[in-house]
Amino acid sequence: MTATGTPTLLGVAAEAALAVPGVAGLQPRLAHCLAAAAALTRTDTAPHRMPPEAGIRADRAPDGSGWRIEVRCVLAEGHRTLDTAQNVHDRVRTAVTSHLATHGVAEPVTVTVAVTVTRIAARPGTA
């Protein structure tokens, strides 16, 4: 897959989102959760670990003019939700746009980012 393909963009977006203070993790989409549950029924002895990219979805815009990125994140308790989500949006958009520009995408590319906060994770030791 090329450096501007979907798997690479998932990694770039995941790395950018996880670097934001207040992001505890990325929430996998249902398809990834079902695949992980199915993997548990196999005879594999190695534990199945969900990659951070499972919390990101990247699709080409229908007209081919850019990318639509969906980020599903879990936030840490004690951080302002709106501010953290806005920071995730901005960092992911900047990282993906920069990655595309660095890897030879000449024309201006529209990158649309949607951030969904799936839950707030309690601090360890709190009830």
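Predicted model: local features only at pLDDT ≥ 70, side-chain atom pairs only at ≥ 80, totals over all residues.

Author: Let's start with Asp83, which is partly exposed at a relative accessible area of 41%. Its side chain meets that of Arg80 in a salt bridge, 2.6 Å from N to O. Arg80 itself counts as exposed, with 58% relative accessibility, because the cut-off for exposed is over 50%.

The structure holds 2 salt bridges, so let's look at the other as well, given that a salt bridge here needs a side-chain nitrogen of Lys or Arg within 4 Å of a carboxyl oxygen of Asp or Glu. Arg57 and Asp59 make that contact through their side chains, at 2.8 Å from N to O. Arg57 is partly exposed at 36%, and Asp59 is partly exposed too, at 24%.

Now for the surroundings of that second pair. Ala58 stands opposite Ile69 in strand 3. The two strands form a hairpin with 5 residues between them, and Gly64 in the turn has a positive phi of about 80°. As a rule, side chains in a regular strand alternate between the two faces of the sheet.

Stepping back, the protein has 3 helices and 4 strands, in the order α-β-α-β-β-α-β from the N terminus. Of its 127 residues, 30% are buried. It exposes about 7700 Å², with carbon and sulfur atoms supplying 55% of that.

Conventions:
Residues numbered from 1 in each chain as written. Heavy atoms only, no water. Buried < 20%, exposed > 50% of the residue type's maximum accessible area, 1.4 Å probe, protein only. Areas by Shrake-Rupley, 256 points an atom, 1.4 Å probe, with all protein chains shown as cover. Pairing = 2+ DSSP bridges.
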